[in-house]
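Please keep the model in view while reading.

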Amino acid sequence: MERIPNAVYTKEFRGEAVRMITEGGLSVPEVARRLSVPKSTISYWVRAERKGTLSTTRTKFLTTEEMELARLRRELAEVKMERDFLKKAAAYFAKEPKSGTRL
């Protein structure tokens, strides 16, 4: 099974996610669902903000093309996993039932 590449988020995006929790009154799971970001990542950002280290959290500046490439790689990895699952399911249901079973 192929690993899904990690996403890279801008400082502004992380700050807005934290503000949705601290100022907006939303819960971590709600913000994670709305932004399609793992709950653990949002929780980490909130803890880093409370310590005052959110702005120093590792960032990588990417061009628009690099961001699009990372998104497409993640999407491709997800589609490959879905395809592999469907292949296995199709093979399972294509098997003929044993002669001793009744329908």
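In this predicted model, W45 is buried, with a relative accessible area of 4%, a value that lies under the 20% limit used for burial. W45 takes part in an aromatic pair with F13 that is edge-to-face, the ring centres being 6.1 Å apart and the planes standing at 90 degrees. F13 itself, at 27% relative accessibility, counts as partly exposed.

A search of the whole structure returns 4 aromatic pairs. Another of them joins Y9 to W45, and because the ring centres are 5.2 Å apart with planes at 80 degrees, this pair is edge-to-face. Y9 is partly exposed, with a relative accessible area of 22%. Y9, F13 and W45 together make up one aromatic cluster. The two pairs are set out below.

| Aromatic pair | Centre distance | Angle between planes |
|---|---|---|
| Y9 and W45 | 5.2 Å | 80 degrees |
| F13 and W45 | 6.1 Å | 90 degrees |

The helix that carries W45 can be described next. Helix α3 comprises the 13 residues 39–51, and at 1.5 Å a residue these should span 18 Å, which agrees with the 19 Å that separates its end C-alpha atoms. Which residues of α3 are buried? They are I42, W45, V46 and A48. Viewed down the axis of α3, these buried residues fall within an arc of 165 degrees, so they line one face of the helix. An α-helix has 3.6 residues a turn, so residues three or four places apart point the same way. The face of α3 turned away from the buried side carries the exposed residues S40, R50 and K51. Among the elements covering the buried residues of α3 are α1 (11–22) and α2 (28–35). Just after α3, G52 adopts a positive phi of about 85 degrees.

For I42, once its neighbours within four places in sequence are set aside, the residues in contact are A17, I21, V28, V31, A32 and V37.

For the chain as a whole, there are 4 helices and 0 strands, and the elements run α-α-α-α from the N terminus on. Of its 103 residues, 17% count as buried. Among contacts with a separation of 6 or more, 59% are made by residues 24 or more positions apart. The protein chain exposes about 8,600 Å², of which carbon and sulfur atoms supply 55%.

Notes:
Residues are numbered from 1 along each chain as its sequence is written. This is a predicted model: local features need pLDDT of at least 70, side-chain atom pairs count only at pLDDT 80 or more; totals for chains, interfaces and linings use all residues. Side-chain values use heavy atoms; hydrogens and water are left out. Helices (H or I, at least four residues) and strands (E, at least two) are DSSP runs, numbered from the N terminus. The expected span of a helix is 1.5 Å times one less than its number of residues. Buried means under 20% relative accessible area, exposed over 50%, partly exposed in between (1.4 Å probe, protein chains only). The arc is that of the directions from the helix axis to the C-beta atoms. Contact means heavy atoms within 4.5 Å. Accessible areas come from the Shrake-Rupley method with a 1.4 Å probe; for residues, only the protein chains shown count as cover. Rings of Phe, Tyr and Trp (its six-membered ring) pair if their centres lie within 6.5 Å; planes under 30 degrees apart count as stacked, over 60 as edge-to-face and the rest as tilted.
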